[in-house]
2 protein chains.
Amino acid sequence: MSETKAFQDYYPDDFAHCYGCGRLNEDGLQLKSYWDGDETVCRYQPRPYHTGGFPGFGYGGLVASLLDCHGTASAAAAKYREEGRKMGTEPALRFVTASLKVDFIAPTPIDGILEVRGKIKEVKGRKVTISETLSAGDKVVAKGEVIAVLIPENFMAEK
Amino acid sequence: MSETKAFQDYYPDDFAHCYGCGRLNEDGLQLKSYWDGDETVCRYQPRPYHTGGFPGFGYGGLVASLLDCHGTASAAAAKYREEGRKMGTEPALRFVTASLKVDFIAPTPIDGILEVRGKIKEVKGRKVTISETLSAGDKVVAKGEVIAVLIPENFMAEK
């Protein structure tokens, strides 16, 4: 998968500043999402200071960030696919989060790579619903759902 | 309110490493939560690089982090209050998030101070439910709910 461009690499420059997944945010996490069959996947190695209350495990906001950014990226990819278009073709599709739900199942170790997997639950007009899991090795540590909404084209054009 | 200690200042040292709110995490946001009558409040000035997709507004993970950390802190404060105990008395009460729900209502400006307010919805045994709002000035930009669970005392003792 590393040979192909990530979903986030297709975001227009003006919409690529997200701390979680913007390729133009030098301080950010620069999350990268890809297709894996009909699922989407994002792998990330947390930074040592991403600890939660006690060392060795991650903070809740990191888990939420992974699900959120991978969710909106997956929504864009799903919408392109639904329209039978390749990512990067115009007009650009960029989603924002309307709602995010996270169920924390187990502490999230941060000494290895975490994997977020997304399933496209529904594409309905401007709205895409993604269900997600976050795993550390074979263990699912969190589950979540993102409802993402397409940014209107005229708003995109103004930027 | 700045004259009093924050909820997070009472966390035992071994549980004060959270990137969002741990006073011992030098890289972290060091969020601080306080009582304001029967509500809880946390104010935070985002960093310039906390941008979302486009500059000037925050990323979803920041909103989630604010609600998450303020939620668990509020849960601890509520449980102490329910037990008629002052924060800082033994045994220490420290909560983790079981679930987090965020509804994003409007883009979150990051050029000023954001305010999270929590209402204690329910204290039931080891579980506390907090409903929250995030505001920028007079505008509510997000709403959320945190269900937090008390970390068992024997786990705390092992650390």
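A residue is taken as buried if 20 or more other C-beta atoms lie within 10 Å of its own, as exposed if 12 or fewer do, and as partly exposed in between, with C-beta atoms placed from the backbone. On this scale Q30(A) is partly exposed, since 18 other C-beta atoms are found within 10 Å. The structure is a predicted model, in which local features need pLDDT of at least 70 and side-chain atom pairs count only at pLDDT 80 or more, while totals for chains, interfaces and linings use all residues. Residues are numbered from 1 along each chain as its sequence is written, and chains are lettered from A and ligands numbered from 1 in the order in which they are written.

Contact between residues is defined by C-beta atoms, placed from the backbone, that lie within 7 Å. By this criterion, 35 residues of chain A are in contact with 35 residues of chain B. On the side of chain A that touches chain B, α1 (60–82) and β3 (95–104) of chain A each supply at least two residues, and β3(A) gives the most, with 8 residues. That side comprises 14 nonpolar, 14 polar and 7 charged residues, where Ala, Val, Leu, Ile, Met, Phe, Trp, Tyr, Cys and Pro count as nonpolar, Asp, Glu, Lys and Arg as charged, and the others, Gly among them, as polar. Because 100% of the interface residues of chain A are also interface residues in chain B, the copies meet through the same surface.

The sheet extends across both chains. Strands are treated as paired if DSSP finds at least two bridges between them. An open sheet of 12 strands is formed in the order β1(A)-β2(A)-β4(A)-β5(A)-β6(A)-β3(A)-β3(B)-β6(B)-β5(B)-β4(B)-β2(B)-β1(B), with antiparallel pairing. Neighbouring strands are turned by 25 degrees against each other on average, direction ignored. Between the chains, β3(A) and β3(B) run antiparallel and are joined by 5 bridges, and D103(A) has S99(B) as its bridge partner. Within chain B, 9 bridges join β3(B) to the antiparallel strand β6(B), residues 139–150, where F104(B) stands opposite A142(B).

Helix α1(A) packs on this sheet, touching β1, β2, β3, β4, β5 and β6 of chain A together with β3 of chain B, and its direction makes about 135 degrees with that of β3(A); axes are lines fitted to C-alpha atoms, for helices over the stretch in contact, and angles run from 0 to 180 degrees between N-to-C directions. The 23 residues of α1(A) reach 32 Å from the first C-alpha to the last, close to the 33 Å expected at 1.5 Å a residue, the expected span being 1.5 Å times one less than the number of residues. As 20 of its 23 residues are buried, α1(A) is largely enclosed by the rest of the structure. In chain B, α1(B) is likewise mostly covered, with 20 of its 23 residues buried. Just after α1(A), G84(A) takes a positive phi of about 70 degrees, and α1(B) is followed by G84(B), whose phi is positive and near 70 degrees.

A cis peptide bond with omega of about -5 degrees joins E90(A) and P91(A), and P91(A) lies in the loop between α1 and β3 of chain A. In chain B, a cis peptide bond joins E90(B) and P91(B), again with omega of about -5 degrees. Q30(A), in the segment before β1 of chain A, has a positive phi of about 50 degrees although it is not a glycine. In the loop between β5 and β6 of chain B, D138(B) counts as exposed, with 5 C-beta neighbours inside 10 Å.

Methods: Two residues are in contact if their C-beta atoms, placed from the backbone, lie within 7 Å. Helices (H or I, at least four residues) and strands (E, at least two) are DSSP runs, numbered from the N terminus.
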